[in-house]
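Good morning, everyone, and thank you for making time for this. I would like to talk about side chains that meet each other, so please have the sequence and the model open while I speak.

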Amino acid sequence: MCFVYRIYLCLFVVNKFFHSLLLQFNPELILVSAGFDSVVGDPEGEMCATPECFAHLTQLLMPLANGKLCVVLEGGYNLRSLSESVCMTIRALLGDPVPPLVGQMAPCISAVETIQNVIAVHQPYWKCLKYHEGIIIKDPSTKKLNCCTEEHNFESDITTTEKEITMLSKEKQDFDEFMDSHMKKVLVLTPSVRTAWAGDEVKSAKLDQCLKVEAKKTSFSFSSAGILLSGGDTAELENKNLLPSLGHIFPLIDKIAKREVRNGIVVAPSLSSSVVAAQYSIAVGSSRVLLLVLGDAEIPDDVKADEKILVVNICGKEKGRNNYFIPICWKEGNECDGDLLHATFELILPVAYEHRPELVIFALGDSTGIQAVTLAHLTHLLQLLAEGRILVMTQASDLVETLTSSLLGDPLPSIRSFVLNQENASMLMKLTQELSQHWKLLQKSGKQKSLYNRLSKKFKYQ
């Protein structure tokens, strides 16, 4: 089986729809008909996709089909933007870190409504679409307006950048200057070392391909650590296993922050150490951090209230939430690999893209109920963020080989099943709708909101 995919679609489409469909289809080969008509400055497409978008699209496809991906060049009629886009695609295929996306992170209404209609038409044929809104929007918008709350003036949401691009594309010299300036913002240096590890010795052949980072002796006292952690719960620091583990974790974060290595992995004694790691990252200079925790963890109130740290906690216990502390609570025994991937595409990635983290911390408990191959795919997807700067912290040493393989960019085994639990899916739909008041990439058009309210009555979510 192979899947032919034309790069005319935005990143939002792939996250929202196609990637879930591709996981269920499980292709053995992916052929990309790479037309770049949609790139900024193209006289035929007249669209505003910037070159770095194509690096993200390529990286999204790379874990599928055991890495068998073939990109075939086709359209593209502005030589400057075409060459930059092809270069970005090749860099992604070579395993370079994907650059940050710049500009406003909100899809236009016409795209969102069109995607909704495509999903509705295909819903009867794909299990992964079973719990999406399955109602067709009649007379979808054709205007270039961004999604926002109904109170906003839609016309004002056409970004300055888009107006600038439209104007500059008419003058070659001005457009080249614009592209020079833009590419300087998004081109990133590749660290000389891809993956590092720290901690006690673990039996893993993959770690032989990684840099071993030596531990630091933690010389600060519990009280000084409490100051470092901005008033966090220092009682956890008195755990005799936690404090020594920070001597492994902090040097890894330092290496990643200084761009000496791209990513890292460590076996941690508890999920609490991931919270400390996130606070330490902010203390040493990161502007924003994404902390994704699989398992029940105690998150201090000051971390929940810190808008610099976006915490997504997939757990079994009901917890209060705010816009920057998002618990996704599944009943114990209800966890499915499909639910985790569904939550990743529907909520985690859209919110994380908008948060724009400079470091991702992915913490896994010792009994997540999720297959190792699924966790490896999730690790790959998280490398779309923060220029690939990710620290994986796992309590389960038997996951080190698989997770390290993903961090190194090795081809990943296919996910054999994509099953969704109805209760989990309906809970996620409700949560996404509530969070959309704050996060633009979760927002729907006015028509979709009314359809959502009708659809939500089909589910018995309490």
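Let me begin with arginine 259 and glutamate 387, whose side chains meet in a salt bridge, at 3.6 Å from N to O; please keep in mind that this is a predicted model. Arginine 259 sits in the loop between α8 and β6, while glutamate 387 sits in the loop between α12 and β11, so the pair ties together parts that are 128 residues apart in sequence.

In general, side chains of opposite charge can pair when their charged atoms come close. How many salt bridges does the structure hold? There are 11 of them, and I will go through two others.

One joins aspartate 254 and lysine 216, at 3.1 Å from N to O. Aspartate 254 is buried, with a relative accessible area of 12%, while lysine 216 is partly exposed at 48%.

Another is formed by lysine 212 and glutamate 201, with 3.6 Å from N to O. Here lysine 212 lies in strand β5, residues 211-212, and glutamate 201 in the loop between β4 and β5, so the parts tied together are 11 residues apart in sequence. Lysine 212 is partly exposed, at 30% relative accessibility, and glutamate 201 is exposed, with a relative accessible area of 64%.

Let me now turn to the aromatic rings, where the count comes to five pairs. Phenylalanine 25 and tryptophan 126 form an edge-to-face pair, with 6.3 Å from centre to centre and 70 degrees between the planes. It links helix α1, where phenylalanine 25 is found, with the loop between α4 and α5, which holds tryptophan 126, and the two residues are 101 residues apart.

Tyrosine 324 and tryptophan 439 also form an edge-to-face pair, at 5.3 Å centre to centre and with 65 degrees between the planes. Since tyrosine 324 lies in the loop between β8 and β9 and tryptophan 439 in the loop between α14 and α15, the pair ties together parts that are 115 residues apart in sequence. Tyrosine 324 counts as buried at 13% relative accessibility, and tryptophan 439 counts as buried at 3%.

How values were computed:
Residues numbered from 1 in each chain as written. Predicted model: local features only at pLDDT ≥ 70, side-chain atom pairs only at ≥ 80, totals over all residues. Heavy atoms only, no water. Salt bridge = Lys/Arg side-chain N within 4 Å of Asp/Glu carboxyl O. Helix = DSSP H or I, 4+ residues; strand = E, 2+ residues; numbered from the N terminus. Buried < 20%, exposed > 50% of the residue type's maximum accessible area, 1.4 Å probe, protein only. Phe/Tyr/Trp six-rings, centres within 6.5 Å; stacked < 30°, edge-to-face > 60°.
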